[in-house]
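Subject: Structure handover

Hi,

Here is the structure I promised. My notes follow below it.

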Amino acid sequence: MDVFAQRMRRAGRIVCPFCEENVPAPRQVMTVFTPDGCLAGRCSCGAVYAVDEIGRLGGQALLDAQAVLCDGDLGRAMTLESGKDVDVLSRPFPVQTIRDGGRRLGRTAASARSWFVRRRLETRAGEASSAAEEDG
Ligand SMILES: [Zn+2]
């Protein structure tokens with residue numbers, strides 16, 4: 001898994017769909033729903049993401065991302081509703097860039113996805129009231 005992370009770092013092309021900034025390479029995170037852990041990372045805007053390397057477990061990767069967002073609190077992660085508590089965006093993950101320097105690959109690599117999750121702010125545009133976030 002570390003090898004994968006190192007390759008990611010070299011590729012360095014993961015962009016947060018919420019803020020369009022580059023995000024750090026994912027690291028192995030164990031406190032998620034997947035028993036073996038998953039690759040996940042955080043963006044400076046507050047979004048987190050989990051990587052679905054094989055493109056088969058989208059729902060699981062999303063749950064894992066929510067677990068990361070809740071700092072490993074799985075019970076709480078289960079209660080998050082996309083579109084209500086959190087915003088969810090899925091993006092193709094550039095594994096193919098890593099594997100062979102940009103050559104186009106077949107479906108296997110192309111199906112890897114990243115799942116970004118960000119907490120919704122309760123306040124709407126208008127007043128800049130201090131957000132009700134809990135700092136861990
Ligand atoms: Zn971001």
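Which strands does helix α2 lie across, and at about what angle does it run to β3? Helix α2 (residues 58-69) lies across β1, β2, β3, β4 and β5 (113-119), and runs at about 150° to β3. Angles run from 0 to 180 degrees between N-to-C directions, with axes as lines fitted to C-alpha atoms, for helices over the stretch in contact. Helices (H or I, at least four residues) and strands (E, at least two) are DSSP runs, numbered from the N terminus.

Two points on conventions. Residues are numbered from 1 along each chain as its sequence is written. This is a predicted model, in which local features need pLDDT of at least 70, side-chain atom pairs count only at pLDDT 80 or more, and totals for chains, interfaces and linings use all residues.

The sheet

The sheet is open and has 5 strands, ordered β1-β2-β3-β5-β4, with antiparallel pairing. Two strands count as paired if DSSP finds at least two bridges between them. β1 (27-29) and β4 (86-92) are the edge strands, each pairing on one side only. From one strand to the next, the twist averages 35°.

Now the pairs. β2 (residues 38-42) and β3 (residues 48-52) share 3 bridges. There, R42 has V48 in β3 as its bridge partner. β3 and β5 pair over 5 bridges, and β4 is joined to β5 by 7. R113 in β5 stands opposite D52. R113 also stands opposite P92.

β5 is largely enclosed by the rest of the structure, because 6 of its 7 residues are buried. Buried means that 20 or more other C-beta atoms, placed from the backbone, lie within 10 Å of the residue's own.

Helix α2

α2 has 9 of its 12 residues buried, so it too is largely enclosed by the rest of the structure. Those buried include L62, L63 and V68. The buried residues pack against β1, β2, β3, α3 (74-79), β4 and β5, where contact means C-beta atoms, placed from the backbone, within 7 Å. After α2 comes D71, with a positive phi near 55°.

Confidence

pLDDT is the predictor's confidence in each residue, from 0 to 100. The protein averages 79, and 68% of the residues score at least 70. Among its elements, α3 has the highest mean (96) and helix α4 (residues 95-100) the lowest (49). Residues 97-108 stay under 50, with 12 contacts beyond four places in sequence. Residues 123-136 are also below 50, with 5 contacts beyond near neighbours in sequence.

Best wishes

Note on methods. Two residues are in contact if their C-beta atoms, placed from the backbone, lie within 7 Å.
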